[in-house]
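The sequence and the structure are shown first.

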Amino acid sequence: MSLKIIFAHDLNGGIGQNNDLPWKHPPDYAWFKAHTLHTTIVMGRKTADSLTKALPNRRNLVLTRHTYERVGFSVSSLEEIFEKAKNESIYIVGGTEIYTIFWPYTRDVYRTVIHGKHDCDTFFSPSFSALTLHNRTELEASETYAAATFEHWINPTPQAFPT
Ligand SMILES: NC(=O)c1ccc[n+]([C@@H]2O[C@H](COP(=O)([O-])OP(=O)(O)OC[C@H]3O[C@@H](n4cnc5c(N)ncnc54)[C@H](OP(=O)(O)O)[C@@H]3O)[C@@H](O)[C@H]2O)c1
């Protein structure tokens with residue numbers, strides 16, 4: 001199977017602010033949920049801290065160099081995630097430290113571009129030059145959320161998982 005990255009960034013490449021999302025964007029939350037429901041999701045400890053609880057109906061794996069004991073979360077390791085990804089689709093759900101580790105090995109990238117520029121302190125702007133666009137959907141702004149572009153990119157030649 002494969003590793004998949006899912007993330008949302010604004011026009012500056014910003015993804016986070018004060019260990020939270022910089023925006024409220026229900027259509028992006030719905031897109032995220034539609035992709036990740038009933039899968040294994042992998043997040044860094046800081047992203048796990050940003051959640052009020054584990055995301056329901058998903059296996060919530062956390063990467064940390066310390067202990068992390070919280071209902072609904074299980075600590076994992078890079079080795080274990082690469083091993084699992086041989087047999088199932090695993091979604092890497094952030095933040096920047098964790099996206100950066102898995103980016104070279106990832107086949108599918110689900111990117112939401114949140115239009116506009118938001119106050120952010122965490123950024124993720126990888127190169128898409130080796131990837132091909134599989135599909136793209138535009139969403140108009142409403143009174144309560146920004147316009148957004150939903151994209152699915154594929155890396156045809158991800159690196160082999162480290163052994
Ligand atoms: N817009 C989006 O799509 C999106 C998605 C997710 C998150 N975010 C945002 O991103 C921000 C957090 O991102 P971040 O980059 O600061 O933190 P992060 O990637 O969520 O977590 C970093 C932590 O992961 C652990 N870690 C990193 N490398 C590791 C390794 N090789 N082995 C084991 N553990 C490792 C460390 O935990 P320990 O310190 O415990 O050892 C490290 O402090 C927040 O603002 C969040 O809201 C945005």
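In this predicted model, the largest nonpolar core comprises 30 residues. Those with the most contacts inside this core are Val42, Met43, Ile90, Tyr91, Ile92, Val93 and Ile98. At least two core residues are supplied by each of S1, S3, strand S4 (59–63), strand S6 (90–92), H4 and strand S7 (108–114). S1 provides the largest share, four residues.

Leu61 is found in strand S4 and counts as buried because it has 21 C-beta neighbours inside 10 Å, the threshold being 20 or more. Between the C-alpha atoms of Leu61 and Ala48, which lie 13 residues apart along the chain, the separation is 8.9 Å.

The ligand is surrounded by 26 residues, of which Gly16, Gly44, Thr47, Gly94 and Gly95 are the closest. Strand S1 (3–10), strand S2 (14–16), strand S3 (40–44), helix H2 (45–50) and helix H4 (96–102) each contribute at least two residues to this shell. In composition, the shell residues divide into 10 nonpolar, 11 polar and five charged. S1, S3 and H4 each supply at least two residues of the core, and each also supplies at least two residues of the ligand shell.

S9 pairs with strand S10 (residues 148–154) in the antiparallel sense over seven bridges. Within this pairing, Leu139 stands opposite Ala148 in S10.

As a whole, the protein contains four helices and 10 strands, arranged along the sequence in the pattern β-β-α-β-α-β-β-α-β-α-β-β-β-β. The radius of gyration is 15 Å, close to the 15 Å that the globule rule gives for 163 residues, so the protein is as compact as a globular protein of that length. The C-alpha trace spans about 45 × 35 × 25 Å along its principal axes. Of the 163 residues, 30% count as buried. Among contacts with a separation of 6 or more, 69% are between residues 24 or more positions apart.

Conventions. Residues are numbered from 1 along each chain as its sequence is written. This is a predicted model: local features need pLDDT of at least 70, side-chain atom pairs count only at pLDDT 80 or more; totals for chains, interfaces and linings use all residues. A residue is near a molecule or strand if its C-beta atom, placed from the backbone, lies within 6 Å of it. Ala, Val, Leu, Ile, Met, Phe, Trp, Tyr, Cys and Pro count as nonpolar, Asp, Glu, Lys and Arg as charged, and the others, Gly among them, as polar. Two strands pair if DSSP finds at least two bridges between them. A nonpolar core is a set of buried Ala, Val, Leu, Ile, Met, Phe, Trp, Tyr and Cys residues joined through C-beta atoms within 7 Å. A residue is buried if 20 or more other C-beta atoms lie within 10 Å of its own, exposed if 12 or fewer, and partly exposed in between; C-beta atoms are placed from the backbone. The radius of gyration is taken over C-alpha atoms; the globule rule is 2.2 Å times the number of residues to the power 0.38. Two residues are in contact if their C-beta atoms, placed from the backbone, lie within 7 Å.
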